[in-house]
Amino acid sequence: MYKLHATVLSDQGKVRTNNEDNFYFNGKTHPDVSAPCHLTEKCSTRKHPVFAIFDGMGGESYGEVASGLAAKTLQRHENAMKHCKGDELEETVRQFVADANQTIYTMAKKLQGGNSGTTMAMLCFQGNMVYPFYIGDSRIYLYNGTDLYRLTSDHTLANHKLKTGIYTKEEAELSSDRNKLTQFLGSDLKHFSLPKAAQPPLRIYSGYRFLLCSDGLTDMCDDLTIYRVLSSEQPNMAQQLLTLALDAGGVDNTTLILIEVL
């Protein structure tokens, strides 16, 4: 069992007029998306904590509603996630994903008849293991004390074209297709397949640092910048990352959760 020190930061940014991000911080959601948020806590992996971020999308305020619905739906499923065994967790998460997808899709059709949805990046800790799950282009990183690893692969049209050889890496990074999601919560059920876990569960060790973030961070800060911050041993790494995103333009909402294994 390990102790965790977790920090969540969420900021509207310098351009957007509202914050369409939300989060799930071991039981807590964003208390007021119209204001910046900064929460910290220590917890034990023995109690199976769950952390997630949601980056909403859609016209008007529907992205904000979608991400909020995802966070509230996770609250309803948290007890099942915390009390299931490791080999049952993926199916339990799939049930949450199906519920959240249906709830958001129904909301979008009722309110505007168009598309609305949200990404998801989630970590479920159980004892000495962590289980990553994601949908969309919100990312999960692991810094293991030496190297930085991206545990997710963006569900975007640009990334799909990169994998199939249509785009080069440079073309994918510059294409507007990088903002077009191929998977998100709120999809039409006819076209939505519940994704499998991001990868097999990982054994955790003291000194590991996990970062969950919306693209408000990764559009402003590349992986090398993230590596430099997470390897810096500074006490305010989460705030440093947010400040870098804002200083680079802050063109989107930015939400991040930094989890340090003690």
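**Reading two helix pairs**

Mentor: The axes of helix α1 (residues 62-83) and helix α2 (residues 86-111) come within 9 Å and cross at roughly 150°. This is a predicted model: local features need pLDDT of at least 70, side-chain atom pairs count only at pLDDT 80 or more, and totals for chains, interfaces and linings use all residues. Residues are numbered from 1 along each chain as its sequence is written, and side-chain values use heavy atoms, without hydrogens or water.

Trainee: How are α1 and α2 oriented to each other?

Mentor: Angles under 35 degrees count as roughly parallel, over 145 as roughly antiparallel, 65 to 115 as roughly perpendicular, the rest as oblique. Therefore α1 and α2 are roughly antiparallel. The crossing of α1 past α2 is right-handed.

Trainee: Which residues make the contact?

Mentor: Contact means heavy atoms within 4.5 Å. On α1, the residues include Tyr62, Leu69 and Met81; on α2, they include Leu89, Phe96 and Leu111. The contact of α1 with α2 divides into 15 nonpolar, five polar and two charged residues.

Trainee: At what angle do helix α6 and helix α7 pack?

Mentor: Helix α6 (residues 223-230) and helix α7 (residues 237-247) pack at about 150°, with axes 9 Å apart. So α6 and α7 are roughly antiparallel to each other. Thr225, Ile226, Val229 and Leu230 of α6 meet Met237, Gln240, Leu241 and Leu244 of α7. Six of these contact residues are nonpolar, two are polar and none is charged.

Trainee: Is Ser44 buried or exposed?

Mentor: Buried means under 20% relative accessible area, exposed over 50%, partly exposed in between (1.4 Å probe, protein chains only). Ser44 counts as buried because its relative accessibility is 13%. Ser44 sits in strand β4 (residues 37-44).

Methods: Helix = DSSP H or I, 4+ residues; strand = E, 2+ residues; numbered from the N terminus. Axes fitted to C-alpha atoms, helices over the stretch in contact; angles between N-to-C directions. Nonpolar A, V, L, I, M, F, W, Y, C, P; charged D, E, K, R; others polar. Left-handed = near helix turned anticlockwise from the far one by under 90°.
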